[in-house]
Amino acid sequence: MPVIELLKSMEKACNSHYHNQSLLLLLPLFLSLLVAGLAFPTQDEQSQIISRFQQYLQINTTQPSPDYQSSTQFLLSQANSLSLESQVIEFVKGKPVILLKWPGSDLSLPSILLNSHMDVVPFEPSKWTHPPLGAYIDEGGNIFGRGSQDMKSVGMQYLEAIRRLKLSGFQPKRSLYLSFVPDEEIGGYDGAKKLAYSDVFKDMNVEIVLDEGLPSTDENYRLFYAETAPWWLVIKSNGAPGHGAKLYDNSAMENLLKSIESIRRFRASQFDLLKAGLKSKGDVISVNIVFLKAGTPSPTGFVMNLQPSEAEAGFDIRVPPTADIESLEKRIEEEWAPASRNMTFEFKQKATPHDDLGRPLITATDGSNPWWTLIEEAIKKANGKIGKPEILTGATDARYYRQLGLTAIGFLPMTNTPFLLHDHNEFLNKAEYFKGINVYESIIKAYTSYIPPGRDGVSRDEL
Ligand SMILES: CSCC[C@H](NC=O)C(=O)O
Ligand SMILES: [Zn+2]
Ligand SMILES: [Zn+2]
């Protein structure tokens with residue numbers, strides 16, 4: 001906590017009706033806080049921080065019709081209160097990108113971008129213990145709400161970290177940008193992708209992007225250097241229709257089920273590698289069946305004595321950068337949807353985990369990448385522990401920045417927290433939220449102060 005705040009609260013106490021004696025009793029507490037590095041905000045500051053987070057959670061930015069007008073207004077008012085530069089860019093009408101800037105003192109140094117998305121995934125209110133847009137806090141300090149993990153928390157934590165750094169008098173050398181983008185949950189095409197490929201972005205001269213990660217159920221924070229690419233596959237089968245009592249080969253249902261059996265065998269083989277600890281989550285190909293569509297509708301349900309002539313199934317496949325793409329494509333063509341079995345297939349989505357030159361899209365985690373070392377050190381400095389670098393099993397906006405060849409790191413400052421992204425009863429504990437703000441303070445300090453070796457450390461302004 002900044003000294004100014006501490007002094008303010010002492011002053012408040014002085015002006016209040018408290019006796020001098022009770023003030024004296026409080027003095028050792030103030031002093032011990034000072035000595036402890038002022039790590040924790042006052043009660044008053046804490047409740048303001050939480051209330052701002054609640055306000056953001058209460059804005060309904062649920063897909064497919066997010067209220068971006070309200071989220072934009074809210075974020076702009078936050079930016080104002082922090083004296084950050086701000087602009088709203090609508091690459092696509094109705095899909096604002098909110099770009100905030102804390103200018104650095106050395107304009108010759110490339111900048112830092114902290115990204116978060118404003119939208120959240122839909123929910124089933126009846127299956128939640130507290131309303132998903134209510135931001136209810138239970139007696140254990142758990143804040144419930146859609147977006148409490150994914151990822152309104154992060155957006156607000158960036159802002160709170162900046163607030164505290166500003167109060168402490170910190171001045172960044174590198175410029176710090178914050179982007180609040182729309183539509184990540186539906187692919188980011190009208191949001192982060194547009195920003196990444198824009199002239200605005202070129203002018204920002206960004207070198208490193210921080211984006212979302214996943215929570216950790218143990219005490220170690222997780223850092224992500226790559227992610228799996230979504231392939232959304234629909235397979236269709238055709239076959240002769242027939243009487244429900246007749247046994248014959250090559251019906252559409254039989255053809256589809258053969259494929260499903262084959263796909264499930266593959267899924268099990270990948271899952272077994274994971275269960276045996278031979279591979280980690282981001283190194284296996286995941287395949288999950290997401291819809292089945294077949295049958296002849298009738299007023300009471302489906303016709304029961306007719307084998308249909310068409311059947312269809314959908315799969316969400318995630319392909320790690322390390323996977324053998326060609327062999328997977330071959331498998332789909334020859335085993336999962338072979339023309340010889342009257343099958344066809346199409347991709348609703350087929351992203352590549354590789355760059356234009358066919359190399360895996362990954363951010364370096366070794367000594368060649370100062371940003372990796374810096375984030376690890378910064379987290380440790382804030383008393384955090386870190387697990388092994390991981391590949392994220394999901395698509396985030398970071399992929400667009402990795403495609404540009406930039407360093408992009410996925411990070412969600414949540415330890416000892418159940419994985420509830422896209423789940424019912426998504427929540428985040430208050431204490432974890434505060435810890436995350438501390439961690440971002442430490443990261444922002446380290447990142448915006450970093451001067452690469454070979455530079456004398458003297459900024460242009462000073463020359
Ligand atoms: C590729 S569009 C969907 C993006 C989505 N992102 C987060 O969950 C995902 O399913 O991974
Ligand atoms: Zn997300
Ligand atoms: Zn999500």
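Predicted model: local features only at pLDDT ≥ 70, side-chain atom pairs only at ≥ 80, totals over all residues.
Two residues are taken to be in contact when their C-beta atoms, placed from the backbone, lie within 7 Å.

**Helix 5 against helix 12**

In helix 5, the residues Ser153, Gln157, Tyr158, Glu160, Ala161, Ile162, Arg164 and Leu165 meet Tyr433, Gly436, Ile437, Tyr440, Glu441, Ile444 and Lys445 of helix 12. Sorted by class, this contact of helix 5 with helix 12 comprises eight nonpolar, three polar and four charged residues. The axis of helix 5, which spans residues 152–167, comes within 8 Å of the axis of helix 12, and the two cross at roughly 60°, so that helix 5 is oblique to helix 12. The crossing of helix 5 with helix 12 is right-handed.

**Helix 10 against helix 12**

Helix 10 (residues 370–381) also packs with helix 12 (residues 430–449), their axes coming within 8 Å and crossing at roughly 140°, which makes helix 10 oblique to helix 12. This crossing of helix 10 and helix 12 is right-handed. On the side of helix 10 the contact involves Leu374, Ile375, Glu377, Ala378, Ile379 and Lys381, and on the side of helix 12 it involves Val439, Ser442, Ile443, Ala446 and Tyr447. The residues of this contact between helix 10 and helix 12 divide into eight nonpolar, one polar and two charged.

**The chain as a whole**

The chain contains 12 helices and 20 strands, and 38% of its 463 residues count as buried. Among contacts in the chain with a separation of 6 or more, 78% are between residues 24 or more positions apart.

**Phenylalanine 347**

Strand 16, residues 343–350, holds phenylalanine 347. Beyond its neighbours within four places in sequence, phenylalanine 347 is in contact with Trp231, Trp232 and Leu233. Phenylalanine 347 is partly exposed, because 13 other C-beta atoms lie within 10 Å, whereas a residue needs 20 or more of them to be buried. The C-alpha atom of phenylalanine 347 is separated by 32 Å from that of proline 125, the two residues being 222 apart along the chain.

**Backbone geometry**

Most residues other than glycine have a negative phi, and most peptide bonds are trans. The table gathers exceptions to this pattern.

| Site | Feature | Value |
|---|---|---|
| Glutamine 63 and proline 64 | cis peptide bond | omega about 10° |
| Aspartate 150 and methionine 151 | cis peptide bond | omega about -15° |
| Serine 83 | positive phi | phi about 55° |
| Asparagine 342 | positive phi | phi near 60° |

Proline 64 is placed in the loop between helix 3 (43–58) and helix 4 (68–81), while methionine 151 is found in the loop between strand 4 (142–144) and helix 5. Serine 83 belongs to the loop between helix 4 and strand 1 (85–92), and asparagine 342 to the loop between helix 9 (325–336) and strand 16. With 9 other C-beta atoms within 10 Å, serine 83 is exposed, whereas asparagine 342, with 19 C-beta neighbours inside 10 Å, counts as partly exposed.

Methods
Residues numbered from 1 in each chain as written. Chains lettered and ligands numbered in written order. Axes fitted to C-alpha atoms, helices over the stretch in contact; angles between N-to-C directions. Helix = DSSP H or I, 4+ residues; strand = E, 2+ residues; numbered from the N terminus. Parallel < 35°, antiparallel > 145°, perpendicular 65-115°, else oblique. Left-handed = near helix turned anticlockwise from the far one by under 90°. Nonpolar A, V, L, I, M, F, W, Y, C, P; charged D, E, K, R; others polar. Buried ≥ 20, exposed ≤ 12 C-beta atoms within 10 Å, placed from the backbone.
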